[in-house]
Amino acid sequence: MTLNELPAVDPAAGEVETAELVVHDDVLVKLFALGPGGAFDPHVHDDCENVFHLLEGEVVVTQDGTKETVSAPAVVHNERGVEHGARNESDERALLTASLCPLP
């Protein structure tokens, strides 16, 4: 038996690979692997909290138009209704999970 839910990912430059790691009752945990230059655009979750867990690398996180560079290991809380996104501006892969609670 293995409890490791993290799949092997290797996104190309400018690409993002995703995988749903946990989908259960009232929680979703999704993996985002961002190649160099990879990003997911700012967006809003009105009905749930969103938490990034940066496992590897460095990303520029956007929250309501404010940008901050965050390096692993890190946790970023995106409150309900706060526009948020992330971009990998480094030359290495960045790996993060995003947790949504409760499920929208």
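Two strands pair if DSSP finds at least two bridges between them. Strands (E, at least two residues) and helices (H or I, at least four) are DSSP runs, numbered from the N terminus. This is a predicted model, in which local features need pLDDT of at least 70, side-chain atom pairs count only at pLDDT 80 or more, and totals for chains, interfaces and linings use all residues. Residues are numbered from 1 along each chain as its sequence is written, and side-chain values use heavy atoms, with hydrogens and water left out.

Start with the sheet. Five strands form it, in the order E1-E2-E9-E4-E7. The sheet is open and its pairing is antiparallel. Strand E1 (16–24) and E7 stand at the edges with a single partner strand each, so one side of each has no neighbour in the sheet. On average, neighbouring strands are turned by 20° against each other, direction ignored. That angle is taken between axes, which are lines fitted to C-alpha atoms (for helices over the stretch in contact); angles run from 0 to 180 degrees between N-to-C directions.

Now look at one pair. Eight bridges join E1 and E2 in the antiparallel sense. Glu20 stands opposite Lys30 of E2. Ala19 has Leu31 as its bridge partner in that strand. The hairpin of E1 and E2 has two residues between the strands.

Most residues other than glycine have a negative phi, and most peptide bonds are trans. Several places here depart from that pattern. Asp25, in the loop between E1 and E2, has a positive phi of about 45°. Asp64, in the loop between E5 and E6, also has a positive phi of about 45°. Asp25 counts as exposed because its relative accessibility is 65%; Asp64 does so at 52%. Exposed means over 50% relative accessible area, buried under 20%, partly exposed in between (1.4 Å probe, protein chains only). A cis peptide bond joins Ala72 and Pro73, with omega about -5°. Pro73 lies in the loop between strand E6 (66–71) and E7. The bond from Cys101 to Pro102 is cis too, with omega near -15°. Pro102 sits in the segment after E9.

Which residues have the most contacts inside the largest nonpolar core? They are Phe40, Phe52, Val59 and Leu96, in a core of 14 residues. Such a core is a set of buried Ala, Val, Leu, Ile, Met, Phe, Trp, Tyr and Cys residues joined through side-chain atoms within 4.5 Å. E9 supplies the largest share, three residues. A second, separate core has six residues, including Val29 and Leu95.
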